[in-house]
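Dear colleague,

Please find the structure below, handed over for your study. My notes on what was found in it follow directly after.

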Amino acid sequence: DETGKLAFSSGSVCIHYYSLNFLKKECHPDNLASALHFHIARKAIPEWNDEAGAAVKPLKPNGVKLETFIFDVFKLARSKFGVFEVQREEEFAPIKNASGVGVKDSPVTAVLQMSQAQKRWIEAAGGKLINSDNDACDVEIS
């Protein structure tokens, strides 16, 4: 939202475990065509501009993309399905952008977030860190 809080309480970090039997049987291509449906995504698709002599990306969506997602097969698992709920800041640091000053969800911010989480784990286990207030002090539990 406008204050920076998440609009929804849950999300998927897309870490999924499937049995080989499930993939071979339930996710066989013969089953998927009838089991899955397409998600419609309206996209701004680059189009050729003769005057510019190049492809130009329009400002508004001009096309439709039909998508399926890895989580669409969840319904095929029927009753053999489980979910783990975790604290986002402890378990998930997305990398969606190149690193840069003030850029979120980058390799630099992911390393910093995981380092801070692992500092908390050490302290929660009774460990003491020297310079623990210094963000430049990286910690990695391997």
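Is Y18 buried, partly exposed or exposed? Y18 is partly exposed, because its relative accessible area is 26%; buried means under 20% relative accessible area, exposed over 50%, and partly exposed in between (1.4 Å probe, protein chains only).

Please note that this is a predicted model, in which local features need pLDDT of at least 70 and side-chain atom pairs count only at pLDDT 80 or more, while totals for chains, interfaces and linings use all residues. Residues are numbered from 1 along each chain as its sequence is written, and side-chain values use heavy atoms, with hydrogens and water left out.

Aromatic residues

A search of the whole structure finds four aromatic pairs. Rings of Phe, Tyr and Trp (its six-membered ring) pair if their centres lie within 6.5 Å; planes under 30 degrees apart count as stacked, over 60 as edge-to-face and the rest as tilted. One of the pairs joins Y18 and F22 and is stacked, at 5.6 Å centre to centre with 10° between the planes. F22 is buried, because its relative accessible area is 12%. Another pair, F71 with F74, is tilted, at 6.5 Å centre to centre with 55° between the planes. F71 is partly exposed at 36% relative accessible area, and F74 is also partly exposed, at 24%. F71 and F74 belong to one aromatic cluster together with F69 and F81.

C27 is found in the loop between α1 (20-25) and α2; helices (H or I, at least four residues) and strands (E, at least two) are DSSP runs, numbered from the N terminus. C27 is buried, with a relative accessible area of 14%. Leaving aside neighbours within four places in sequence, C27 is in contact (heavy atoms within 4.5 Å) with F22, L32, V73 and L76. C27 and G53 are 26 residues apart in sequence, and their C-alpha atoms are 44 Å apart in space.

The surface

Which residues make a nonpolar surface patch of about 430 Å²? The patch is made by F38, I40, V64 and L66. Accessible areas come from the Shrake-Rupley method with a 1.4 Å probe, and for residues only the protein chains shown count as cover. F38 lies in the loop between α2 (29-35) and β1 (39-43) and is exposed, because its relative accessible area is 54%.

Two further residues

V56 is in strand β3 (residues 54-56) and counts as partly exposed at 35% relative accessibility. Not counting residues up to four places away in sequence, V56 touches I45, P46, E47 and N49. D105 lies in the loop between α3 (88-91) and α4 (107-124). D105 has a positive phi of about 55° although it is not a glycine.

With kind regards

How values were computed
Patches are made of residues with over 30% relative accessible area and no salt bridge: like charges are joined within 9 Å, nonpolar side chains (Val, Leu, Ile, Met, Phe, Trp, Tyr) within 5 Å. A salt bridge is a side-chain nitrogen of Lys or Arg within 4 Å of a carboxyl oxygen of Asp or Glu.
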